[in-house]
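Biologist: I am new to this kind of picture. Could you walk me through reading it, one feature at a time?

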Amino acid sequence: MLKENSMEILRKFRDRKLIQAVSKSIEKIAKKLDYVRIMHVCGTHEHTITFFGLRSLLPDNVELIAGPGCPVCIVPAREVDEAIEIVFSGIRVYTYGDMYRVPGTKMSLADARSEGADVKVVYGFNDAIRLHMKDRKKSVFFAVGFETTAPTLAAFISRRLIPDDLMILPSFRLTVPIMKYILSSFDINIDGIICPGHVSTIVGASAWSFIPRISGIPAVVAGFEPLDVMLAVFSILKMILEGKPRLVNEYSRAVSWRGNITAKRYVREVFYRADGEWRGIGRVKRSRLLLRKRFKHLDARSRLSVSVDTGPEFKPGCRCADIILGKAKPTDCPLFMRACTPDRPQGPCMVSSEGTCSIWAKYGGYERIQWHYD
Ligand code: SF4
């Protein structure tokens, strides 16, 4: 059986033999355990798990569940409507490709563009600045993402590198508060958490120490190769078996205990934390980033007095709310791969490349894709 300190040696992240060895070790431990449900909260983890068919390498009593790990899927429809109202008032809106197709209550930014609105898809804020300096048109950057995306924008704002005619519509959300909320508010029966590797490079492994402390379940910060995920599962099962839940940083090659101090400083300087709505979840305390008063001149909401009505978050029959919370799988949705496909998405989880429905659809549309990597 693998020893926990073997982790440092096993760095051939896609080595079939190593992965199968971990799989066997998982199987041995799982035989001594009841049903185990492990949640991850990162679209990239779901991509690794599904693309490499890792669920097919796990015993039947070990379930990997996708939680709210898609930063686009959880943006409330109301905030998409705000961007749509802005673009229909004649102001250009810059947004990411994933956000472009996510439906608001009536339409998406893609629909707005097909009606003649000036929407530009960008890869990042640098791209938006470059286009803006070229065209010098009054514009708004629709800023979405988790802890990983906010620091770049915060650095631009802090260094006063943004002209006044490029405003920001901030729709950032934070994964640490949502995990606290989920673990304390919902009866989801989770036995362990795989913490998001990208987010952890910013917030640091220490940000997740509340999980074993408050919820009494193990947590592992993991990278994005198949071996990373399998080692995280192994580590969680081992801690459950030993009855010693702790926080383990499996992704120490990229994640430090304290995270990226400079990035965190920029974010603190530019944004403050406010309570925020999450699509399919509701209001979560201190989970949203808004611009501080001294940067209000860049804030599209206050400068443009944006106001929209509330409306339905999901189309009838769409189970995105349950999927975002890890209460259901895409195959539980009656619309999956029928009325709802990547070409005709009905909900945000099918639109974004980080959405669970979209990932499952891309790699076959079923749950236990067989191991195919060699
Ligand atoms: S398959 Fe489509 S309709 Fe069903 S939950 Fe996923 S996104 Fe929503």
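Modeller: Start with a rule. A salt bridge is a side-chain nitrogen of Lys or Arg within 4 Å of a carboxyl oxygen of Asp or Glu. Here the side chains of D299 and K296 meet in such a bridge, at 3.3 Å from N to O.

Biologist: What kind of model is this, and how are residues numbered?

Modeller: It is a predicted model, where local features need pLDDT of at least 70 and side-chain atom pairs count only at pLDDT 80 or more, while totals for chains, interfaces and linings use all residues. Residues are numbered from 1 along each chain as its sequence is written, and side-chain values use heavy atoms, with hydrogens and water left out.

Biologist: Why would side chains pair at all?

Modeller: Side chains of opposite charge can pair when their charged atoms come close. By the rule above, this protein has 21 salt bridges. Take K238 and E242, whose closest N and O atoms are 3.1 Å apart.

Biologist: Where do K238 and E242 lie?

Modeller: A word on elements first. Helices (H or I, at least four residues) and strands (E, at least two) are DSSP runs, numbered from the N terminus. K238 and E242 both lie in helix α11, residues 226-242. They are four residues apart, about one turn of the helix. K238 is buried, since its relative accessible area is 16%. E242 is partly exposed, at 40%.

Biologist: What is the distance in the pair D135 and K134?

Modeller: The closest N and O atoms of D135 and K134 are 3.9 Å apart. D135 is partly exposed, at 32% relative accessibility. K134 is exposed, with 62%.

Biologist: Now the whole chain. How many helices and strands are there?

Modeller: The protein has 16 helices and 11 strands. Of its 374 residues, 59% count as buried.

Biologist: What is a surface patch?

Modeller: Patches are made of residues with over 30% relative accessible area and no salt bridge. Like charges are joined within 9 Å, and nonpolar side chains (Val, Leu, Ile, Met, Phe, Trp, Tyr) within 5 Å. Accessible areas come from the Shrake-Rupley method with a 1.4 Å probe; for residues, only the protein chains shown count as cover. Lys and Arg count as positive and Asp and Glu as negative, while His and the chain ends are not counted. The place of a charge is NZ of Lys, CZ of Arg, CG of Asp or CD of Glu.

Biologist: Which residues form a positive patch here?

Modeller: K24, K28, K31 and K32 form one. K24 sits in helix α1, residues 16-30. K24 is exposed, because its relative accessible area is 57%.

Biologist: How do I compare distance along the chain with distance in space?

Modeller: Check C-alpha atoms. T149 and H198 are 49 residues apart in sequence and 10.0 Å apart in space. T149 lies in the loop between β5 and α7 (150-158). F146 lies in the loop between β5 and α7, and F146 is buried, at 5% relative accessibility. The C-alpha atoms of F146 and G204, 58 residues apart along the chain, are separated by 14 Å.

Note on methods. Buried < 20%, exposed > 50% of the residue type's maximum accessible area, 1.4 Å probe, protein only.
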